[in-house]
Amino acid sequence: MAGLVGATIAGSGTGSYFALNVAVGVASLALVPLLRRWPVQAALLLSLLAALSPAATPPATMAILVVAEWQPLSVAVAVAGTGIAAHLIRGAWQPYSGLPYFWWVLLVFVAYAALVGWGTLIRAHRALISSLRDRAERAEADQARRVTEARGAERARIAREMHDVLAHRLSLLATYAGALAYRPDAPPDQVARAAEVVRSGVHQALDELREVIGVLRDDSLPDLAAASRPLPGLADLPDLIGESRAAGMRIETGGEAWSAPGLPDVAGRTAYRVVQEGLTNARKHAPGQPVTVTLGGGQGAGLDVSVVNPAGPVLAGTASAGPAFPVPGSGTGLIGLTERLELAGGRLEWANSDGEFMLRAWLPWPEPEHNVTRACD
């Protein structure tokens, strides 16, 4: 910039305006650093100096470019108008030899219009880059948030599976182990049978735990449905109830929806988990008490699942497994079961009143497709 100012002063000659040109050139160079902090004010001062001497023209035109680059277009046009007026005034009282005043006016207008347009283009490009950068940062943050939410949902799902599977299995083992501890003098065949149940139950619990850990380690498995064994459903409820009866529980069944034709697999698995959780809770908190499992409802109305048992524990011995021992629980099973029902489109209710604990769930059971087609016709 100092070279341009010096060249302008030298081109103006050493006439009567030489001292003025030098003074204006030095003053204009002193104002250039102020453009970074006060661009509009410095640009206006440089325009005023440009009205006195051509030595201020290089800094004044650079100031217009800076203003157009960092300020709104209206401010840049106003400052450019001041610079145009200053140069027109100087061209009138200190004209260039050999250049008609008309062409001088046209040159000034074209130069300032080009500088304003150039600065505005730079400002728009910078704003575009900033917008794209912000958008990329927001997209990255949203992606990280979605990944975190997906991981949290997967952990919650695996935790539900671990609770549903292992809590039931381990509560059965605790019942048989309690029987062995209570009746060490039992006949050898009963002790051997109970020990065999404990041994097989431990192996089953370990297998189920390996499947859950396998899902945690292998990213290619989307969920526990990809494990080596299929997830249980409504057809597996008789085996579940028989296993609990073998452990000494008194279970009565009722309702007309045990076969449940046309019930979605998700609803069947969820109903199985509801009964499993109800039996596990009854074994933990009301050992020795009778339990009633009911499956009702129908297609179009939904599947109703209820598990009812007296709330108070009865610590009396049973014929097949000895005494009943209450097993402590974490209290998170019903919370996880509620989430499972919500994901399946159902709802869960439980109540402890009048000495009776009731666990009741409702699951959607759609009508057959041919009935829906007839209704639409």
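In this predicted model, helix 3 (residues 39-50) and helix 4 (residues 57-70) bring their axes within 9 Å of each other. The two axes cross at roughly 155°. Angles over 145 degrees count as roughly antiparallel, so helix 3 is roughly antiparallel to helix 4. The crossing of helix 3 with helix 4 is left-handed. On the helix 3 side, the contact is made by Pro 39, Val 40, Ala 43, Leu 46, Ser 47 and Ala 50. Helix 4 contributes Pro 59, Ala 60, Ala 63, Val 66 and Val 67. By class, 10 residues of this contact are nonpolar, one is polar and none is charged.

Helix 9 (residues 265-285) packs against helix 10 (residues 333-343) at an angle of about 165°. Their axes are 11 Å apart. Helix 9 and helix 10 are therefore roughly antiparallel. This crossing, too, is left-handed. From helix 9, Thr 270, Arg 273, Val 274, Glu 277 and Asn 281 take part in the contact. They meet Gly 333, Leu 334, Leu 337, Arg 340 and Leu 341 of helix 10. The residues of this contact comprise four nonpolar, three polar and three charged.

Three cavities of 30 Å³ or more were counted. The second largest cavity contains about 40 Å³ of space. Its lining consists of Gly 91, Pro 95, Tyr 96, Leu 99, Pro 100, Tyr 101 and Trp 104.

Note on methods: Residues numbered from 1 in each chain as written. Predicted model: local features only at pLDDT ≥ 70, side-chain atom pairs only at ≥ 80, totals over all residues. Heavy atoms only, no water. Axes fitted to C-alpha atoms, helices over the stretch in contact; angles between N-to-C directions. Helix = DSSP H or I, 4+ residues; strand = E, 2+ residues; numbered from the N terminus. Parallel < 35°, antiparallel > 145°, perpendicular 65-115°, else oblique. Left-handed = near helix turned anticlockwise from the far one by under 90°. Contact = heavy atoms within 4.5 Å. Nonpolar A, V, L, I, M, F, W, Y, C, P; charged D, E, K, R; others polar. 1 Å grid on protein atoms, 1.4 Å probe; cavity = no way out; pocket = protein on both sides within 12 Å on 5 of 7 lines; lining within 4 Å. Points joined across faces, edges and corners; volume = space filled by probe spheres on them.
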